[in-house]
Amino acid sequence: MRVDATASRCTGCKLCQLACALHQFGENNPKKTAILITSDLLNTGHYRVAVCDQCGLCEELCPAGAVSKVDGAYVVDPEECTYCYICVNECPQGAMLVPSGKHTPVKCISCGDCVELCPTSALAMVE
Amino acid sequence: MASSNSVVVKLGGTLAELAGTKQLCVELPGEPTLAEVAALVGVAPNLVMLYAVNGTLRAADYRPSPGDEVLLIPAVAGGQLTGR
Amino acid sequence: MNGYAGKILRVDLSTGKTWTEPVDPKLAREYLGGRGFAARLIYDEVKGAEALGPDNRLVLASGPFAGVFLPAGAKATFAAKSSATGLYGDANVGGHLAAELKYAGYDAIVFQGSADRPVYLFVDDETVQIRDASRLWGKGAIEAEVALKDELGEDYQIATIGPAGENLVKYACVGHDIGRQAGRTGAGAVMGSKRLKAIAVRGSQTVPVADIEALRRISKEMFLKVKADPGLQVWHDYGLGSVCSWANSIGAFPTRNFSSGYFEGIDGIDHHAMRERIIVGSKACFGCPMACGKFSRVKERGVWVEGPEYETTALIGGNCALNRIEDVAYANYVCDELGLDTISAGNVIGFAMECFQRGVIDERTTGGLAVRFGDVEAFVTLANRIARREGIGDLLADGVKQTAAVWGKGSESYAIQVKGLEWSGYESRGAPAMMLAYMTADIGAHHNRAWAITYDIAQGREKVEGKAAKVIDLQHVRPLFDCLGACRLPWVEMGLDLKYYAELFPAVTGLDLSWEDLLQVSERVYNLTRAYAVREVPGFGRSHDYPPERFISEPVPDGATAGSRIPRDTLDALLDDYYGLRGWDKTGRPTGVTLRRLGLGDVAEELAARGLVE
């Protein structure tokens, strides 16, 4: 299962980022997110959505073996992560993010919270 | 059960307060307009901002057909319409 | 402090010093945030100062709900002693500024003094700098915002002023998020007087809350309820534009300088016209499922604009008799770049159009320009002259009340304002509660304190009894959202029950305040802003609460309210009722007893010492 985004439906409310931070860290802080909404300055009113498509490249590249697939989604083990950020730099979606105050990259674990709340159904869970 | 000459009326936001329910099935007397359907469920037509029938916006003088789903969307209501 | 960042950022633009102060828990408990913080700060710190002088304060405040996981915790308040009215003035703006301010670690920013050159404030968490903005001065509000985002990054949230603010147009607004505005009461002019072109904020910090699990549970239920509402699609498709045709059908759509409440050209500017001809997408505020912001493109002009919102279509469309949505949207774009509040600008220009039609002014006054209803080019030319204070624009920039005072010839009776603030988008001769709401709004003729027109319809439009009580209720519950830092529309439009908000408050803040306690905060703030008016404006009282003569003596000519007017004895009955229920005296001043009941004993003492209350 992975989160699929239809960016043309996104309104930029960032509720997904709030939901993600709550799930991953139990905090009110949309900056600690694994889904990233940015507005397109050259095309105002349009948004870019960066979210993991579970391609597995991070697992392939991780020199520490800190990434593994659990219940269909790749997850990072903070105990094993050496903060080399190869995965962050190489992620094709730009969806491995390092929140301020944290060291281990955070990524989408397909929990579905953002999908459930997205008011325009711009996000969906797909196989 | 909906009878053969009825519509389902859904009431958005504060209109539900006036009608006392969020959704109800209404028997149509003849072929009323949407404004008349609103009045039938106890909502003054001039409190309805928009009408939608089966998901499409319609004017107040549109006449719904049996089996249609009618949605009444309130005017910017600023809270309760009744009492204090 | 749960729900709060815990600090207030102070900026002295005269000395270039910046510092922080902890948020006083007593201030939080008694005033919550947003408009409440702003009202208390301005009451305490702006005494007798000129609105456009260095001693005024400009307050940017969020509230405990801003930036938190709940529907539309997105509202920031800009407040100051108003350049438009000389009273307490505020305006709120959605977008992402209020949330970002909290993440940066501040509940509010308070500006004082005045810079000696154009500057902007840069905030990135603890890094606070007053930076040169010479290259931005003279640029449009949106142009300047885009330039700053290009330089700093898309993730900075930015507020800017346009030429209107720089040139001290008394109703200049503050722009944010490329097309949203803190529109009313001239906060943009106050920024301009301080030579503050922009505020740029970015933050990375978490907003602590008292009970994160309760917050998740309550908010999730609210979000899912909105998502399941069959009416949500209408907001996504049409936004607030859908109010236009309804307002017109009930005779409340301001038309030709409020001479009528019915506009024959409505079909050209209503939500259908907007959707079919100009809308390109939806643009939501932070954490808001409704996304009532529509982004539009006017192909024939090659411009993009957020909107037009209802108020803009009402004041620029109906009030200036523009009957093409493309013209309204283009005029909206022009005002946004210039940094003009579209409500006041549409009102002032509509007034000039009526004066031109009546021969009160002619081409000699206007510098050769024919100022006719329905002429978008005339509108745009006047808007530019106002923003630059050129020719006739220099007078119009002072507002409709001052303009009428200069032009005379009876034009005062159709200068549509209260307390010097131009009337917003509801013609109210057939709606006594709404009329009273405009008369008694603390910032002047604005609809956001109490929006009572559906109450008039539901209870009977002629009826006067009971209307004052409803207006007071609304004047407490609606501005409460502005104290909390959340948008009220999920309640107003989607019908989210107020009990959710009552449950959210302790979950977010941990403070044991009931909903009734919160409403009392709102009442406290309302009395404080009234007390401020009494202190700052000699002779302030009942005479400042009347609407223009047009509404009293001139019946509506056509539409659903044809024949309606609101006689003076009706107005007096409404005011007597209102003052009595509020615990104000016959002259409209809060009594010492009332102020003390609301915990404003210090205010009562100060006013008593000045002989302003018994």
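User: What's the strand order in the open sheet of six strands in chain C?

Analyst: The order is E8-E7-E12-E9-E10-E11 in chain C, and the pairing is mixed. Helices (H or I, at least four residues) and strands (E, at least two) are DSSP runs, numbered from the N terminus, and two strands pair if DSSP finds at least two bridges between them. This is a predicted model, in which local features need pLDDT of at least 70 and side-chain atom pairs count only at pLDDT 80 or more, while totals for chains, interfaces and linings use all residues. Residues are numbered from 1 along each chain as its sequence is written, chains are lettered from A and ligands numbered from 1 in the order in which they are written, and side-chain values use heavy atoms, with hydrogens and water left out.

User: How many bridges join E7 to E8 in chain C?

Analyst: Strand E7 (residues 119-124) and E8(C) run antiparallel and are joined by six bridges. Among the bridge partners, Phe122(C) goes with Gln129(C), and Leu121(C) goes with Ile130(C). As background, strands of a sheet pair through backbone hydrogen bonds, either parallel or antiparallel.

User: And what sits in the loop between E7 and E8 of chain C?

Analyst: Asp125(C) is found in that loop, and the hairpin of E7(C) and E8(C) has two residues between the strands. Asp125(C) has a positive phi of about 50° although it is not a glycine. For comparison, most residues other than glycine have a negative phi, and most peptide bonds are trans.

User: Where is there a cis peptide bond, then?

Analyst: The bond from Gly307(C) to Pro308(C) is cis, with omega near -5°. Pro308(C) lies in the loop between strand E15 (303-306) and helix H11 (310-318) of chain C.

User: Switching to chain B, what's the order of its open sheet of five strands?

Analyst: That sheet is ordered E2-E1-E5-E3-E4 in chain B, again with mixed pairing. Strand E2 (23-27) and strand E4 (56-58) of chain B stand at the edges with a single partner strand each, so one side of each is left without a neighbour in the sheet. The twist averages 30° from one strand to the next. Strand E1 (residues 6-11) of chain B runs antiparallel to E2(B), with five bridges joining them, and Val7(B) has Val26(B) as a bridge partner.

User: Which chains have the most contacts?

Analyst: Of the two pairs of chains that touch, chains A and C have the most contacts, with 32 residues of chain A in contact with 37 residues of chain C. Chain A and chain B do not touch, and their nearest C-alpha atoms are 16 Å apart.

User: How much area do chain A and chain C bury between them?

Analyst: They bury about 2,800 Å², 59% of it on carbon and sulfur atoms; buried area is the accessible area (1.4 Å probe) that two parts lose on being put together, summed over both.

User: How many salt bridges are there between chain A and chain C?

Analyst: There are three, a salt bridge being a side-chain nitrogen of Lys or Arg within 4 Å of a carboxyl oxygen of Asp or Glu. One of them joins Lys31(A) and Glu100(C) (2.4 Å, N to O). Arg216(C) and Asp113(A) also meet in a salt bridge (3.5 Å, N to O), which crosses from helix H7 (residues 212-228) of chain C to helix H4 of chain A.

Note on methods
Contact = heavy atoms within 4.5 Å. Axes fitted to C-alpha atoms, helices over the stretch in contact; angles between N-to-C directions.
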